[in-house]
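Hi there,

Here is the structure I promised to pass on.

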Amino acid sequence: MNPPNFASGFFHPAHDRRNFIKRAGLSAMLFAVPGAFAEQLLLTPKQTEGPFYPDHLPLDTDNDLIIINDSLTPAVGEITHLSGRILDGRGDPLRNVLVEIWQADNNGVYLHTRDTHAKREANFQGFGRFMTGSSGEYYFRTIKPVLYPGRTRHIHFAIKMKGREKWTTQCYVKGEPWNEKDGVLKGIKDPKARKSVIIDFAPLKNSHAGELAAKFDILLGFTPEA
Ligand SMILES: [Fe+2]
């Protein structure tokens, strides 16, 4: 039997099928490679931990920073319901991620023995933790961050997961004029990445007490170890 004559324009079905399989194999591989599409989603920029990660933990480390244990006196400040999701670079939720936040109290003072520039507000927990479930969501009740010398309003986040170093970032309050002058925030050079950490602290619907709601999703370029 003569070999097919390609020069004459003969269409060889086996040859075409082989090319199709090659193409299909390539796209299947792209789907299988973790992070292959990570560039398509904007990852949350990592930012410094800063000097005031608590050097001692509060008596209570739950996700309600307004009430320490079963105290009857709530913290002073603008109560804020802070929530969001911890996602991987493909936008899939990450479970079993320990989310920690810490921030200064309404007087601008951290839960840290070296922060002595003003009097600490005794009823503010200053630090809280939340472990994500399958939805990747977290929730904290806290206060809207205040200004303290040298920084714009911000809340610190630490992300802890199995087999990974602690990863830290910060979120900021949209509309705060001091954002323009803040060295840490300006340290994020990519404008889109910088914008992604500045969030709305908006009035909570149907709240008579003037409470606020804020949403901060964190997209990580890595996943926990299995
Ligand atoms: Fe800070």
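The side chains of Asp64 and Arg141 are joined by a polar contact of 3.0 Å. By polar contact I mean a pair of N or O atoms within 3.5 Å, where within protein one must be able to donate a hydrogen and the other to accept it, and where residues adjacent in sequence count only if both atoms are side-chain atoms. The side chain of Asp64 also reaches the backbone nitrogen of Ile66, at 3.1 Å. Asp64 sits in the loop between H1 and S1 and is buried, with a relative accessible area of 18%. Buried here stands for under 20% relative accessible area, exposed for over 50%, and partly exposed for anything in between (1.4 Å probe, protein chains only).

Before going further, a word on the source: this is a predicted model, in which local features need pLDDT of at least 70 and side-chain atom pairs count only at pLDDT 80 or more, while totals for chains, interfaces and linings use all residues. Residues are numbered from 1 along each chain as its sequence is written, and side-chain values use heavy atoms, with hydrogens and water left out.

Now the overall layout. The chain has three helices and 10 strands, in the order α-β-β-β-β-β-β-α-α-β-β-β-β from the N terminus on. These are DSSP runs numbered from the N terminus, with helices being H or I of at least four residues and strands being E of at least two. Of the 226 residues of the chain, 40% count as buried.

Next, the metal site. Which residues coordinate the iron ion? They are Tyr110 (OH), Tyr148 (OH), His154 (NE2) and His156 (NE2), at 1.9 to 2.4 Å. Donors are N, O and S atoms within 2.8 Å of the metal (3.2 Å for Na, K and Ca), and since water is not among the atoms, sites may look incomplete. The spacing of the donor residues in sequence is Y-x37-Y-x5-H-x1-H.

Why is the arrangement around the iron ion irregular? The four donor atoms subtend angles of 87 to 177°, which makes it so. For the label, four donors count as tetrahedral if all angles lie between 85 and 135 degrees; four count as square planar and six as octahedral if opposite donors are over 155 degrees apart and all others between 65 and 115; anything else is irregular.

Asp55 and Tyr110 are 55 residues apart in sequence and 9.9 Å apart in space, C-alpha to C-alpha. Asp55 belongs to the loop between H1 and S1 and is partly exposed, with a relative accessible area of 39%.

On to the largest pocket, which holds about 150 Å³ of space. Its lining consists of Gly175, Glu176, Asn179, Glu180, Leu185, Lys186, Pro191, Arg194, Lys195 and Ile198. On a 1 Å grid over the protein atoms alone, a pocket is an open set of points with protein on both sides within 12 Å along at least five of seven lines, and lining residues have an atom within 4 Å of a point. Helix H2 (183-186) and helix H3 (191-196) each supply at least two lining residues, and H3 gives the most, with three. The lining divides into three nonpolar, two polar and five charged residues.

Two backbone details may interest you as well. Asn69 is not a glycine, yet has a positive phi of about 45°; this residue is in the loop between helix H1 (13-32) and strand S1 (79-87) and is partly exposed, at a relative accessible area of 45%. Asn206, also not a glycine, has a positive phi of about 65°. Asn206 lies in the loop between strand S8 (202-203) and strand S9 (212-215) and is exposed, with a relative accessible area of 73%.

Finally, Thr142, in strand S4 (residues 137-143), counts as buried at 0% relative accessibility.

Best wishes

Terms used: On a 1 Å grid over the protein atoms alone, a cavity is a set of points where a 1.4 Å probe fits but cannot get out, and a pocket is an open set with protein on both sides within 12 Å along at least five of seven lines; lining residues have an atom within 4 Å of a point. Grid points are joined across faces, edges and corners, and a volume is the space filled by probe spheres set on the points. Ala, Val, Leu, Ile, Met, Phe, Trp, Tyr, Cys and Pro count as nonpolar, Asp, Glu, Lys and Arg as charged, and the others, Gly among them, as polar.
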